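User: I would like to learn how to read helices, sheets and a chain contact from a model. Please take one feature at a time.

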Amino acid sequence: MTIVQRRIGGLFGLFFVLLILAGGRTLYLGALEGGSLRKAAATQQLTYEAVPAQRGTITDRNGVDLAVSEPAQDLSATPYLVKNPLQTAQRIAPFLGKPQDEVLRLLSQRSGFVYLARALPAKQAHAIMAMKIAGIEGKPVMRRVYPRGDLAAQVLGVVGTEGNGLSGLEYSRNALLHGHAGQRHVVSDALGQPVSINEVHPEEPGTPIALTLDANIQQRSEEVLDAVGRVFSPKDATAIVMNPNNGAILAMANWPQVNANDPGGSSPEALQNRAVSFDYEPGSTFKAVTVAGALQQNLVTPASSFFVPDKIQVADRTIHDDTEHGDETLTTAQILAQSSNVGAIEIGAREGKNDFSQWVSKFGFGKRTGVELPGEEIGQVLPVGKYSGSSMGNLPIGQGQLVTPLQMATAYSAIANGGILRPPHVIAKVGSEPQPEPAGHRVISSATAASLRQMLEGVLAPGGTASEVSIPGYKLAGKTGTASKVDEETGEYSKTRYVASFMGFAPAAHPKLLAAVIVDEPENGSIFGGTVAAPAFGQIMSFALPYLRIPPE
Amino acid sequence: MTPPAAATAASSGAAVRPRRAPSRPRRLSGPLRPATVPPRARAATTTAQPGLVLGLLAALESLSQHRLLDRLIRGRVWIGLVAFALIGIVTLQLGLLELNGGIGRALEHEATLQRENAALSIENSELAAGTRVQARAKKLGMTLAPVGALRFLTAGGHGDVAKAAAALASSAKAQAQAREAAAAEAASSSTSGEESSESEVSGEGGEAAGASSSSSGEAGGSSEASSESESGSSTEAAASSEAAGSGEAEPSGGTTAGE
């Protein structure tokens with residue numbers, strides 16, 4: 001055997017031994033240590049990242065963003081992995097916007113997991129993550145932001161920490177707005193750089209929604225209600241502005257206001273949208289419904305005369321007019337203009353309880369209006385079978401039944417638009433698809449509606465209950481309401497607690513805009529619809545009419 | 001060289017063998033008979049499998065010893081081929097890594113853009129707030145027109161359209177003239193500016209701006225127009241008077257602004 005052959009043999013032997021060693025090592029790593037190594041690799045190199053879906057934007061009718069989603073992170077800590085909690089707390093507290101001692105308390109917990117911040121804006125979260133502190137992790141989420149803060153907060157609603165709507169449109173249209181989170185499979189190298197990214201399933205962003213609300217009219221309405229709140233210190237107040245011809249709601253304001261970005265800072269009652277959830281006795285504003293029925297049945301005309309004493313006895317009840325007066329003769333128009341209780345009861349008596357009950361139902365009371373907002377009450381309407389002997393003494397004047405502000409506004413819209421009751425709506429577009437306007441149905445003839453509108457002009461004319469309200473150039477029509485609230489302790493009508501309201505529209509002959517203002521328990525001297533709610537109506541309309549370029553007649 | 005025909009015939013004749021009868025009779029048409037395999041044939045089928053494998057191995061062996069393959073392996077082309085394949089694989093892997101890194105960066109960029117977009121949307125909505133616009137307008141000296149002061153015009157057929165078109169044309173003409181005048185004034189002031197001091201130039205520019213806005217006679221945004229004229233840039237002032245001129249303010253506003 002030559003030396004070359006020996007060397008080749010030696011090399012072969014060496015490689016063979018190396019091969020055996022490598023094989024043995026492979027067997028050891030693959031079979032004996034395989035399970036634990038696979039786990040380690042999976043945690044260090046393979047990750048499934050959740051890709052949060054962007055929640056659909058909510059805009060007003062002009063495309064102004066009212067609710068927007070922005071990327072954020074849920075920051076959490078594994079306290080036992082944080083080596084120096086004090087130093088860490090000092091470093092991250094400013095970015096978390098929390099006091100150091102609070103952060104330190106979180107980091108010092110004997111727990112394997114603690115949230116440091118939920119939905120922290122991405123900028124701050126990135127600053128913290130860039131510190132690369134062991135034991136602190138971030139999970140991408142979306143954060144709901146309401147750029148206008150308290151604008152239409154009760155209509156828009158709020159979103160919870162898990163990204164689901166909890167109230168308002170955020171709740172009722174959650175399925176549309178929410179979208180679906182995606183998932184990515186990421187393989188990273190030893191330095192943490194991704195070497196392979198596979199989309200397991202893509203995220204689906206939520207559908208944007210455009211509302212019929214107008215941010216400027218909404219803002220003006222809220223400002224006016226805020227002023228009412230400051231002057232009269234009511235329990236709460238609400239205002240609705242709508243287009244009576246198609247049922248589009250242009251503003252739906254509530255007082256007290258709520259900052260949608262900090263709903264926790266307000267009481268749960270303040271978060272309610274009282275325009276749809278407040279059940280109240282409408283009082284004199286309901287007289288328009290009583291008169292509408294009688295007019296439509298030709299039981300009265302605007303000029304029909306009624307003998308109107310100061311008080312009237314119905315069964316066991318005696319009902320007075322608001323101001324003391326002697327016996328007088330009033331026309332139907334005057335009864336409305338002066339808001340005579342006795343006169344309205346007499347008109348109701350001409351109708352009879354069966355027909356009156358039907359008119360109440362025809363105008364949509366006792367059922368939901370169909371608006372897309374959640375939490376809508378249906379009110380409380382007495383079935384004709386349960387009428388007592390005195391029912392026709394209080395129902396025609398708006399007592400003894402409960403309605404919502406939106407039901408009242410919808411009923412007045414029917415009077416304003418020529419007799420068609422249209423379901424109100426607040427959503428104009430879903431995605432890029434315009435929503436069809438809900439079809440209405442006729443409840444009174446256009447002639448009856450026109451007569452009624454003309455009579456309601458008298459309310460704002462000299463001698464009417466809202467004669468102090470006027471807008472230069474425009475003819476207004478409407479009806480005041482001052483309803484006593486039932487004292488829950490005594491079961492009687494309170495003499496200190498009232499609901500002041502006003503329903504009106506303009507221009508009176510061919511209305512294009514309607515506003516309703518309801519103030520619950522006004523104080524500080526005035527309690528009347530004509531002095532509390534009607535001026536607010538005037539202020540809202542004096543902004544909205546020229547803003548919408550509605551010319552006077 | 002082609003052999004002669006006879007020789008060919010003789011050699012082919014020598015190769016022909018006498019025909020023999022077939023060992024098995026030819027198959028005749030008729031009904032199928034049950035197959036009967038003789039014991040020897042059955043033994044042959046059981047031993048056929050190793051034979052096939054051996055045949056395959058033999059074929060492979062002959063392929064490995066094929067001259068062409070031998071030439072290819074021993075040749076230098078093979079080295080080139082292997083080197084090309086190895087470099088290709090490495091390049092492919094590197095490209096894939098780079099691509100994944102790029103996807104990672106693109107995703108980060110997407111997130112950043114998404115964040116910026118949301119921030120801009122929020123800012124846009126905040127800036128468009130009525131209260132803010134109103135406050136800014138108030139600072140600029142603007143007030144909301146009283147409701148009673150607003151007038152609405154009703155279009156009344158073809159005559160009004162023609163009037164409106166004529167008004168637009170005359171307005172555009174007046175604005176163009178004002179622009180030209182302002183430009184000429186600015187040119188002359190810059191020429192004179194070469195001879196005089198800088199402060200004089202700016203003063204003349206301001207005058208020019210005032211003249212231009214009063215000549216247009218429609219400047220409504222008095223504070224804007226005056227602030228522009230204060231800046232001393234006559235061109236800017238002319239532009240601002242143009243912008244204001246598109247409004248519906250009183251002609252006197254322009255004069256005030258100019259002054």
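User: What span is expected for helix 17 of chain A, and what span does this helix reach?

Analyst: A helix is expected to span 1.5 Å times one less than its number of residues. In this predicted model, helix 17 of chain A (446–457) has 12 residues and reaches 17 Å from its first C-alpha to its last, close to the expected 16 Å.

User: Which residues of helix 17 of chain A are buried?

Analyst: A residue counts as buried if 20 or more other C-beta atoms lie within 10 Å of its own. In helix 17 of chain A, the buried residues are A:Thr448, A:Ala449, A:Ser451, A:Leu452, A:Arg453, A:Met455, A:Leu456 and A:Glu457. They pack against helix 11 (287–296), helix 12 (332–338), helix 16 (405–416) and strand 19, which belong to chain A too.

User: How many bridges join strand 21 of chain A to strand 20 and to strand 9 of chain A?

Analyst: Strand 20 (493–506) and strand 21 (513–520) of chain A are joined by 8 bridges, with A:Ala500 partnering A:Val519. Strand 9 and strand 21 of chain A pair over 7 bridges, and A:Ile240 stands opposite A:Ala516.

User: Why is strand 9 of chain A described as largely enclosed?

Analyst: Of its 7 residues, 6 are buried, so strand 9 of chain A is largely enclosed by the rest of the structure. Strand 9 of chain A also pairs with strand 10 of chain A over 6 bridges, one pair being A:Thr238 and A:Asn254. Their hairpin has 6 residues between the strands, and A:Gly247 takes a positive phi near 80 degrees.

User: How many residues of chain A are in contact with chain B, and what is their make-up by class?

Analyst: In chain A, 23 residues are in contact with 23 residues of chain B. Strand 3 of chain A gives the most to this side, with 5 residues. By class, the side of chain A that touches chain B has 13 nonpolar, 7 polar and 3 charged residues.

Conventions:
Residues numbered from 1 in each chain as written. Chains lettered and ligands numbered in written order. Predicted model: local features only at pLDDT ≥ 70, side-chain atom pairs only at ≥ 80, totals over all residues. Contact = placed C-beta atoms within 7 Å. Helix = DSSP H or I, 4+ residues; strand = E, 2+ residues; numbered from the N terminus. Nonpolar A, V, L, I, M, F, W, Y, C, P; charged D, E, K, R; others polar. Pairing = 2+ DSSP bridges. Buried ≥ 20, exposed ≤ 12 C-beta atoms within 10 Å, placed from the backbone.
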